[in-house]
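Trainee: Could we go through this model together, one question at a time?
Mentor: Gladly, let's bring it up.

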Amino acid sequence: MLQIRCKNNNVTKSFPEGTSLLDVYQEFADEIKLPYPVVSAKVNNVSQGLKFRLFQNRDVEFMDATEGSGHRAYVRSLTFVLYKATQDVFPGSKLFIEHSLCRGYYCNFKKKPTPTPSQKEGNIVTDEDVERIKARMQEIIDLDMPFRRTESTTEEAIRIFSERGFADKVKLLETSGQAYTYYYTLGDTIDYYYGPLVPSASYLKVWGLERYEEKPRVGEQSPGIGLLLRVPDWNDPTKLAEKVDQPKTFEMFAEKTHWDIIMRLSNAGDVNKAIMRGHSSELIQVSEALQEKKIVQIAEEIDRRFHQEKNPVRIVLITGPSSSGKTTFCKRLSVQLLACGLRPVSFSTDDYFVNRTDTPKLPNGDYDFDNIETVEYSLLEDHLLRLMQGERVEIPEYNFVTGKREWNGKKLKLAGDTVLIIEGIHALNPLLTKKIPDSLKYKIYISTLTSISLDDHNWIPVRDNRLLRRIIRDYNKGAYTAQQTIAQWKNVLAAEDKWIFPYQETADVMFNSALNIEFAVLRTHAEIILTSVPKNCPEYAEAHRLLKFLRYFIPISDKEIPSTSIMREFVGGSSFKY
């Protein structure tokens, strides 16, 4: 008999060898009483599906869809149901799960696999098409079709997917370096997913599907019609996540996808194949050139608006979530503004922090340093207004050792060619500059919107890109271990949802700091750091998941990453002083 300890209630019970996690949960269900339905579990801090069978003594923790691994298992499973429904209703169609959008997932759907000019109109997704797909999805769920996982040699899996025309999965598996792999079936439909699914379709009770009409993409005359897959709310999975329109975010994804197509990169397999052919230098150079081109365009637009007769721009506001590369972006933008003949002056919101004793606190008693009330924004705004009126203003300096704001005689006066740059998580919050007319402000939102995917149905969460960057930077600076960074990440995300993301669509322009080659470079740095996370701590689950994900990419050295690259902010070797 096995000894299985349930970490939800810290009780140990005996079970026969080969018992499934689902059977274990049924034994503990009345005692742990989770608020929402269980969808997955962690076995010795590694995420597993509920059909996973136990053959040794283990610690088990059951998860609902409010927890990261549980939410991912739910969404993956829902994606498979969507894919099967599209194949059943429109045989031979193509579905691409491209990226998160509007608190759901944008899907590029082609009813006909190879549309010709004469077929284009017939390939447009209609409301009737969506209703037919939704109806089939509900049938699959009502039938409670099981998700079946099969382990095979990678060679056999490649043969199976090759026969079915899944070039994306073939390239991924061919370059993965794995001897064995898993694939899934739902009825007579086969697919590949890099994480666990729920046991069967009836677990998927909360979802939605609707048309998403996009603006014409580059080189197209008419708008495209995609699908928006709606998923449960992270905090309350009994209801759909509230839809939030994000047209500017979609445009930024579309712009990146356009260049991916030109560079013939859409998934991890494409990146790996390019590296194997010796094209990594070219990929780095083109990616960096595209980012520099965008920064030049932004600088030229600021310069144009700075010199307009009425309401010239005097303040540039820059924000973005953690590890999006805001600091290096500001440095590079400053260089381009200088090239335009402007004199950028950085203005730090950190110096306007309230004294530490006045800092708001979280429910657990810790200081809430991300709260807008951490900044004395009324004083900051007063100083900005006086500066723009030509006054000389004494600027405070915050002493992070004593936790107090100090006045050390530092004074600032703007010259006629000066533009102020304010970078920080609250830069786009209206409270910070509510008395300053919008016409005098130029607002920039920066993030890492990863446009490539593992394959057509396995997207890469943009948060994973930023978390990996942050883990590497924190470790290299000696600030935090990987375990500590992962432990803090949930609070970081909660603060971003509250203080950053609500204002991203108010930006004049969005900048994407992600690079196609990035994960191949990050793997070189992150692997050894992630392996240092102890297996007996909760953070090991995330470290294990990130390691598994990174190993889909062939690692490359960072030696050809330029010293001015945004990536240098995280892997080291930047020519900028921070």
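Trainee: Over the face of which residue does Lys 169 lie?
Mentor: One thing before that: this is a predicted model, where local features need pLDDT of at least 70, side-chain atom pairs count only at pLDDT 80 or more, and totals for chains, interfaces and linings use all residues. Residues are numbered from 1 along each chain as its sequence is written, and side-chain values use heavy atoms, with hydrogens and water left out. A charge sits over a ring if NZ of Lys or CZ of Arg is within 6 Å of the ring centre and within 35 degrees of the ring normal. Lys 169 lies at 5.6 Å from the ring centre, over the face of Phe 166.

Trainee: And how far is Arg 132 from the ring centre of Phe 90?
Mentor: Arg 132 also lies over a ring face, that of Phe 90. The distance from the ring centre is 5.1 Å.

Trainee: How many aromatic pairs does the structure hold?
Mentor: Rings of Phe, Tyr and Trp (its six-membered ring) pair if their centres lie within 6.5 Å; planes under 30 degrees apart count as stacked, over 60 as edge-to-face and the rest as tilted. With that rule, the number of aromatic pairs in the structure is 23.

Trainee: What is the geometry of the pair formed by Phe 161 and Tyr 183?
Mentor: Phe 161 is in helix H4 (residues 154-163) and Tyr 183 in strand S11 (residues 180-186), 22 residues apart; helices (H or I, at least four residues) and strands (E, at least two) are DSSP runs, numbered from the N terminus. Both Phe 161 and Tyr 183 are buried, where buried means under 20% relative accessible area, exposed over 50% and partly exposed in between (1.4 Å probe, protein chains only). The centres are 6.2 Å apart with 80° between the planes, which is edge-to-face.

Trainee: Why does the pair of Phe 519 and Phe 549 tie together parts that are 30 residues apart in sequence?
Mentor: Their rings form an edge-to-face pair, 5.1 Å centre to centre and 85° between the planes. Phe 519 is buried at a relative accessible area of 1%, and Phe 549 is buried at 0%. The pair ties those parts together because Phe 519 lies in helix H13 (residues 518-530) and Phe 549 in helix H14 (residues 540-550).

Trainee: Against which helices do the buried residues of H7 pack?
Mentor: Helix H7 (residues 268-276) is mostly covered, with 7 of its 9 residues buried. Among them are Val 271 and Ile 275. The buried residues of H7 pack against helix H5 (167-174), helix H8 (280-306) and H13.

Trainee: Is Pro 461 buried or partly exposed?
Mentor: Pro 461 is in the loop between strand S22 (441-447) and helix H11 (462-477). With a relative accessible area of 23%, Pro 461 is partly exposed.

Methods
Contact means heavy atoms within 4.5 Å.
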